[in-house]
Amino acid sequence: MDRQQVVLHMNHGMGDNSYAHNSIIQKKVMREAKGIVEESMMRLYTIIPIHCFKVADLGCSSGPNALQLVSNVIDIVHTTTCNLNLKPPIFQFFLNDLFGNDFNSIFKSLPQFSEIIEEKKGHKCGACFINATPGTFYKSLFPNNFLHFVHSSFSLHWLSQNLIEAIKLECFDLPLYDPTIEEAKEVIEDEGSFTLQRLESVILDWSTNIKEAVDDDNNNKLDLNTKAEFTTKFIRAALEPLLKAKFGEEIMDELFVRYKNKIVQLIMGVKILEFPTLIISLIKKV
Ligand code: SAH
């Protein structure tokens, strides 16, 4: 098996450097994208009646964001079906990630999650089945024409490159690529299976990761060291497993201290260090 499929995962658990505690940027972007998800649901519902609504989240990871999409979709569909005076559907969610993902921590949070949903929606919400689908989204994960809605957030920039090849070549290549708006558009058009519904860019500050409640004004008042620290944790939560596998655990603390110092230098005199994210909504052509 491709070694990257096992080595690549976000930092597990609930520790200081965990993905669970350092993924606020991702959460904020998902919130920005909620309007586009709403638009897609509305569109979908006016086209076909759905009895069992099948949704996949590709690259769900673990921590609070893993169930964020589930919660958003339930919310949006609930409102949409109420507005259209339709019966709410049964939900079937497929949470996908690579084999090394901490699926167990998601499963453990499910009873509490279900309680919250039940409290919020009561019996007005259809039954909700949550499944895990481990494996790479670069291969087939579902039967054809099986899903109604596919979501992926902060995952498609991870490439399917084989890390072993990189090791053989004595170089370390991060398997990541962040396209520009133009590149993303070109790939979608050239591939041809989807109609581009929306393509937008949201720009946040790198240190947005600091706290959910910190807005841009307060962010600007933070000292350089604090900003750099949070930017470093954000990166560490995502890249540490890959770096550890290649360079060894012993050097991780020192590596990220040096990285933080570089960030301090980089953000000196810069008002915000921009973190752009593309939000893309596609409709499969029939
Ligand atoms: N969607 C979450 C998590 C993003 S982190 C959020 O927005 O916060 C990116 C996740 O994508 C990681 O958990 C990583 O393991 C997963 N990932 C990367 N490449 C993947 C692939 N080829 N197949 C499935 N999951 C992948």
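How do the residues of the shell around the ligand divide into nonpolar, polar and charged? I took this as my opening entry. The model I am reading is a predicted one.

**Entry: the shell.** I sorted the residues around the ligand by type. I got 10 nonpolar, 10 polar and 1 charged. The shell holds 21 residues.

**Entry: helix and strand.** I checked which elements supply the shell. Helix α2, residues 24–47, gives at least two shell residues. Strand β2, residues 90–97, also gives at least two.

Entry: I went through the N and O atoms next. At Gly-59 I found a backbone N or O atom 2.8 Å from a ligand nitrogen. Asn-65 uses its side chain: a polar atom there lies 2.8 Å from an oxygen of the ligand. For Phe-137 I looked at the backbone again. One of its polar backbone atoms sits 3.0 Å from a nitrogen of the ligand. Then I looked up the cover. On its own, the ligand has 580 Å² of accessible area, and the protein covers 98% of that.

**Entry: cysteines.** How many disulfides does the count give? I found 0. A disulfide is a covalent bond that joins the sulfur atoms of two cysteines. I also looked up how accessible two cysteines are. Cys-82 has 47% relative accessibility, so I noted it as partly exposed. Cys-128 has a relative accessible area of 32%, so I put it down as partly exposed too.

Terms used
Residues numbered from 1 in each chain as written. Predicted model: local features only at pLDDT ≥ 70, side-chain atom pairs only at ≥ 80, totals over all residues. Heavy atoms only, no water. Near = heavy atom within 4 Å. Polar contact = N/O pair within 3.5 Å; in protein donor to acceptor, adjacent residues only side chain to side chain. Areas by Shrake-Rupley, 256 points an atom, 1.4 Å probe, with all protein chains shown as cover. Helix = DSSP H or I, 4+ residues; strand = E, 2+ residues; numbered from the N terminus. Nonpolar A, V, L, I, M, F, W, Y, C, P; charged D, E, K, R; others polar. Disulfide = S-S within 2.5 Å. Buried < 20%, exposed > 50% of the residue type's maximum accessible area, 1.4 Å probe, protein only.
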